[in-house]
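Q: Can you walk me through this one? I'd like to start with the domains.

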Amino acid sequence: MKITFDQTVIDLTPQGKSYRATIGDKTVDIEIVRAEAGKLELLIDNQRVTTYVSSDGAKRWVTINGQTVVLTKASGAKRRGSGHDHGSGLVAPMPGLVRSVNIEEGEAVMKGHTLLVLEAMKMEIRIQAPRDGLVKKLFVKQGQTVEREQVLIEIE
Amino acid sequence: MFKKILIANRGEIAIRIMRACKELGIKTVAVYSDADKNSLHVQHADEAIHIGAASPKESYLNVDKLMQAAHASKADAIHPGYGFLSENASFAGTVAAAHLAFIGPSAASIRAMGDKSESKIAMKKAGVPTVPGYEGLETEADFEQAAQAIGYPILVKASAGGGGKGMRIVWEADDLPEEIESARREAVHAFGDDRLLIEKYIPNAHHIEFQVFGDQHGHLVHLFERECSVQRRHQKIIEETPSPLLTPELRAQMGAAAVKAAKAVNYYNAGTIEFIVDPDTMQYYFLEMNTRLQVEHPVTELTTGLDLVQWQIRVAAGEHFSYSQEQLSQRGHAIECRVYAEDPSNGFLPSTGKLLQYIEPKGPGIRVDSGFTAGNEVTHFYDPLLAKLIVYGENRDTAIQRMQSALKEFIVHGVTTNIDFMQTVLAHEDFANGKVTTRWVETTLESGSLLPENRQQAVGLQSLIAAALADLTIVNRKSSIENRNEPDPYSPWKQINGFRN
């Protein structure tokens, strides 16, 4: 069985009560010592590894030895390119309120120029031009509430 | 003693205060906003009163609603916690005027110290060293002139400010107008007051603060220092005591200055005098006073043995604080790590979401002051502090080791946290050597040696395996249930009987 996380394919083959995993040119043997909600204790090539795993949609949160990583599982149907590809768009890094807009559509901007200011958790977050360009489209106005990853400005 | 205390706050600090109340046999009243209906602090209280919408202005900053809640619940005192209305003199005045006790200093002391400009002037008068700077500036030209006179870099601060809000470092004259404008906006929004002051920015300074504590009978002492130099966005993330920088002589000198500063405004209850110390000259300067309980008070509690919140309540009820300066001492070493829902690899931007897993570390010398549990939602309405992890050890090295292993056992899924980041800070030789200054996080991050990605790669492979297997066990429910029903996977009986097959 093949599962893809962030471009990496892992192939799991059941072998009795254990599994053989192939990732790239690496192959390891895995035994599930214990499984409970959110926690897996594994023997990976006979080395004991305690893992905490949570699922949230396509996201997998994994903590091993105090380090947490977030992996995104690729679904069967190829969705890449549409959902998260913002192209030349600048997106809101977190939910918040548009406190001020400093540019207009059609305006030329220079790299580092503050285009608009978001406010979230009582902090100001400046959305700055990633490069020199023209403001092609402005999607928000002052006072508007925006969601995380909402496209704010398109630059060309 | 009080019979019932209303806690005008939320999250971990509300729970911390409720614990002290319970220990003293005092009933507790929680208040909550729409966003906090299911929050932990509501469940910890004897009663809970809904006070409005999620936005702080509609709830935790709404004096009328809080006073109504206090009257309705027949509370005889209000504890403001930290943040929100804790340093709002008019709130303290309103509480007192309603014949309720405000658990904190007098409104006059808050007012005197709350304004960064006024307090600086008062401290200069009292003979406490302050950072060179200017107060009471208005026009852009005033600011430019003052900044030139002090010399760049300078620090722009909100007069009414705190918590890093409305604060800007300005490195050159060209940036001044934009930074002033931005600081002003943030100041108006956060404090409803747009006055700013500027002062010389000391780039490689230690932030060292002294806890002071006094009763309403004129007795006031200091409870030693807290080193709070590990900061990002001008906000502390790791605090410890004792400070690795201070000598016993400097500690005594700064402690005496802290007492002098607090006495200059007739202070009582818990307060903190913040200093910055230039490690090159070992000169110290008064920065500001926080007229409330600090986030990082637990490290002082662990090393002095005092329960600061209980004492806050007792002195607010009129009791004498029973320790003289000579009776107080520091024992061992304590460190606090603030576990924030934020992303260190993305400018420490707050992270929101539902907590899918939340497991706190346990063990000797480990304390967790927390406001969240699994299933809770971290929203963008409030400060993204999830918990404070505090450890105690017999000396600094053992405390650092203990913190490192405690951080490893702290599991949070659903929001990005700074747990990995704090592990790399604690493992850094600069931290071990006590060389961390307030700009250290920023400059060390830029150099690239602080990001967790630089750590061991083996975890990457193991994580993939774990994620893939978790998917299998979720899909294949049978195997997960089968495994869960084994009470002792290491039982020798299993091996002998072939139980698993």
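A: Domain bounds here come from an automatic or database domain assignment. The model is a predicted one. Chain B is divided into domain 1 (4–103), domain 2 (105–130 + 203–331), domain 3 (132–200), domain 4 (338–450) and domain 5 (462–497).

Q: What separates the centres of domain 3 and domain 4 of chain B?
A: Over C-alpha atoms, the centres of those two domains of chain B lie 31 Å apart.

Q: Changing topic: which peptide bonds are cis?
A: Among them is the bond from B:Tyr152 to B:Pro153, with omega near 0 degrees. B:Pro153 sits in the loop between α7 (140–150) and β7 (154–158) of chain B. The bond from B:Thr241 to B:Pro242 is also cis, with omega near -5 degrees, and B:Pro242 is in the loop between β12 (235–241) and α9 (248–263) of chain B.

Q: What about phi at B:Arg233?
A: B:Arg233 is not a glycine, yet its phi is positive, about 50 degrees. The residue lies in the loop between β11 (220–232) and β12 of chain B.

Q: Is B:Arg233 buried or partly exposed?
A: B:Arg233 counts as partly exposed, because it has 16 C-beta neighbours inside 10 Å.

Conventions: Residues are numbered from 1 along each chain as its sequence is written. Chains are lettered from A and ligands numbered from 1 in the order in which they are written. This is a predicted model: local features need pLDDT of at least 70, side-chain atom pairs count only at pLDDT 80 or more; totals for chains, interfaces and linings use all residues. Helices (H or I, at least four residues) and strands (E, at least two) are DSSP runs, numbered from the N terminus. A residue is buried if 20 or more other C-beta atoms lie within 10 Å of its own, exposed if 12 or fewer, and partly exposed in between; C-beta atoms are placed from the backbone.
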